[in-house]
Amino acid sequence: MNKFPENFFWGGATAANQLEGGWDANGKGVSTADCCTQGSLNQPRLVTFKTKEGEIRAEEMFHFDAPEGAEFGCFDNYVYPTHRAVDFFTHYKEDIALFAEMGFKMFRFSINWTRIFPLGDEILPNEKGLQFYDDVLDELAKYNIEPLVTLSHFETPVGLVNKWGAWKDQRTIECFERYVATVGERYKGKINYWLTFNELNGIESGPWGAAGLPMTDKQIIANAAKNQLVASAKAVQLLHEIDPDNKIGNMTAFGVGYPNTSNPKDVFKTWQKYNESYWCGDVQVRGYYPSFKLKEYKREGIDLFLTNEEQETLKNGTVDFITFSYYMTNNVSSDPQVIEDSAGNFMGGVKNPYLKASEWGWQIDPIGLRIALNYMYDRYQLPIMVVENGLGARDKLEDNGTCHDSYRIDYLKEHICEMSKAIEEDGVELLGYTAWGCIDIVSASTGEMDKRYGFIYVNYQDNGLGKGERYRKDSFNWYKKVIETNGEVLG
Ligand code: P53
């Protein structure tokens, strides 16, 4: 029934800060993610800092304005889940062996910039940090698992934040270039698939996570986004120069929306809403800003200060393939009386009566993935990878070490099925699928351990129990079968 191309990249995806732990091991520096506390569904994660006056404070991660002169860092009496995460730092051999047992063809992970350049602006890299990824890559090579490496996954060095405001300042572009050149040279021939910035379009609703910006100022966010887009284009050029076999992609948080009613005003607003998913990809694929974004900036009195040189860089650094994350859909309404009652962080909207939602309120919509794939392919005509998709749920570990996560199997099965239709019936050129959090990791939005996505249960719990033992969930065996049959048998 389901037809996937030969050599389809089945696999899983993670991010260093949510996976590795070892946050200060072997000279690693502090990243923006390391300053985020543990939250929950009802309690936002906080970012911690010291004020000029020496007071230690914490503000909500998704939306805050820090006082002038704030120094970001980690302090006693706060819990920072990335510091241990799930300790892939020491468990990587065991974990990669489990990925291999499932038959993974691809593993998406990020390089933690602060392992390589602890403060961000050093001239020489930290050799021990580089060595860790050599080890990880050798382990993957043993099993013929192709690495897909994100260069920046919400992991800006805090050194750069404290020094000059991270991505607000153009000097960060040079530091990033040095980092990219370093890892590009070091891992030449070992990594061929790269992603520049994770969910670059998330910068407007999550400026701290995406760019180390402790503020909500739209002018600053627009310029930081431009700096990242320029840095992304430079990374593409650099990696192509280092190895012509390198393929570099972008990464977008894709949010599908439906008009809440057939009122043309709702339809139009929905159409407009899609621009939030498109604008960064437009720059990264086409090499220039889309007119709707330039008009929006103008309307809001924002100056992009886009130089000829920057325009040239954007033009010469377009990506080879595109990728996106897909979790949910929401409805869009133009009626101010209609309450936005559907969750999903910056993807929030109005509830859809035809859809069920996860415990965190993220609406489950497999057909939305087929729509997303078609929208992306029609717009860009480039090969695609779905690099994040999955269900965050509370799993129960049974006494005998099993975990019956049939709800996760259902979620993934239905999404993979829609993906196969996008390939077979719609002609979308899909290269691969890496399920998010293939091993349980710390949640990015809430910092919880109990919001799990994995095929592999990691026994660390928010109540402090567990020693990090790994267990195969029912979905582990199911996914193994999916890969074995190249998606023919979805069970
Ligand atoms: P968690 C919001 C909406 C959609 C995707 O999220 C998002 C976010 C930001 O949290 O981010 C991606 O762990 C992100 C991953 C993250 C994953 O979604 O909050 O790239 O780092 O873990 C899932 O359930």
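# Pocket, barrel and selected residues

Visitor: Which element gives the largest share of the lining of the largest pocket?
Guide: Helix α9 does, with eight residues. Helices (DSSP runs of H or I, at least four residues) and strands (E, at least two) are numbered from the N terminus.

Visitor: What sort of model is this?
Guide: The model is predicted: local features need pLDDT of at least 70, side-chain atom pairs count only at pLDDT 80 or more, and totals for chains, interfaces and linings use all residues. Residues are numbered from 1 along each chain as its sequence is written, and side-chain values use heavy atoms, with hydrogens and water left out.

Visitor: Back to the largest pocket. What is its volume?
Guide: The largest pocket has a volume of about 1000 Å³. On a 1 Å grid over the protein atoms alone, a pocket is an open set of points with protein on both sides within 12 Å along at least five of seven lines, whereas a cavity is a set where a 1.4 Å probe fits but cannot get out; lining residues have an atom within 4 Å of a point. Points are joined across faces, edges and corners, and volume is the space filled by probe spheres set on them.

Visitor: Which residues lie nearest the centre of the largest pocket?
Guide: Glu204, Lys273, Glu276, Lys293 and Glu296 do, out of a lining of 41 residues. At least two lining residues come from each of α8 (218-242), β9 (256-259), α9 (264-286), α10 (291-299) and β11 (329-332).

Visitor: How does that lining divide by class?
Guide: The largest pocket has 16 nonpolar, 15 polar and 10 charged lining residues. Nonpolar covers Ala, Val, Leu, Ile, Met, Phe, Trp, Tyr, Cys and Pro; charged covers Asp, Glu, Lys and Arg; the others, Gly among them, are polar.

Visitor: How many cavities does the search find?
Guide: Over the whole structure there are seven of 30 Å³ or more.

Visitor: New topic: in what order do the barrel strands close?
Guide: Eight strands form the barrel, in the order β1-β5-β6-β7-β8-β10-β14-β15, with parallel pairing. Strands pair if DSSP finds at least two bridges between them.

Visitor: How many bridges join β5 to β6?
Guide: Strand β5 (residues 106-110) and strand β6 (residues 146-152) run parallel and are joined by five bridges. Among the residues involved, Phe109 has Val149 of β6 as its bridge partner.

Visitor: Where is Phe176, and is it buried or exposed?
Guide: Phe176 sits in helix α6 (residues 171-186). Its relative accessible area is 0%, so Phe176 is buried; buried means under 20%, exposed over 50%, and partly exposed in between (1.4 Å probe, protein chains only).

Visitor: Which residues does Phe176 touch?
Guide: Leaving aside residues up to four places away in sequence, Phe176 touches Trp113, Leu151, Ser152, Trp167, Phe197, Ala231 and Ala235. Contact means heavy atoms within 4.5 Å.

Visitor: What is the phi of Glu199?
Guide: Glu199 has a phi near 40 degrees, a positive value in a residue other than glycine. Most residues other than glycine have a negative phi. Glu199 lies in the loop between β7 (193-197) and α7 (207-211), and counts as buried because its relative accessibility is 10%.

Visitor: And what about the phi of Asn486?
Guide: Asn486, which is not a glycine, has a positive phi of about 50 degrees. Asn486 lies in the segment after α14 (474-484) and, at 22% relative accessibility, counts as partly exposed.
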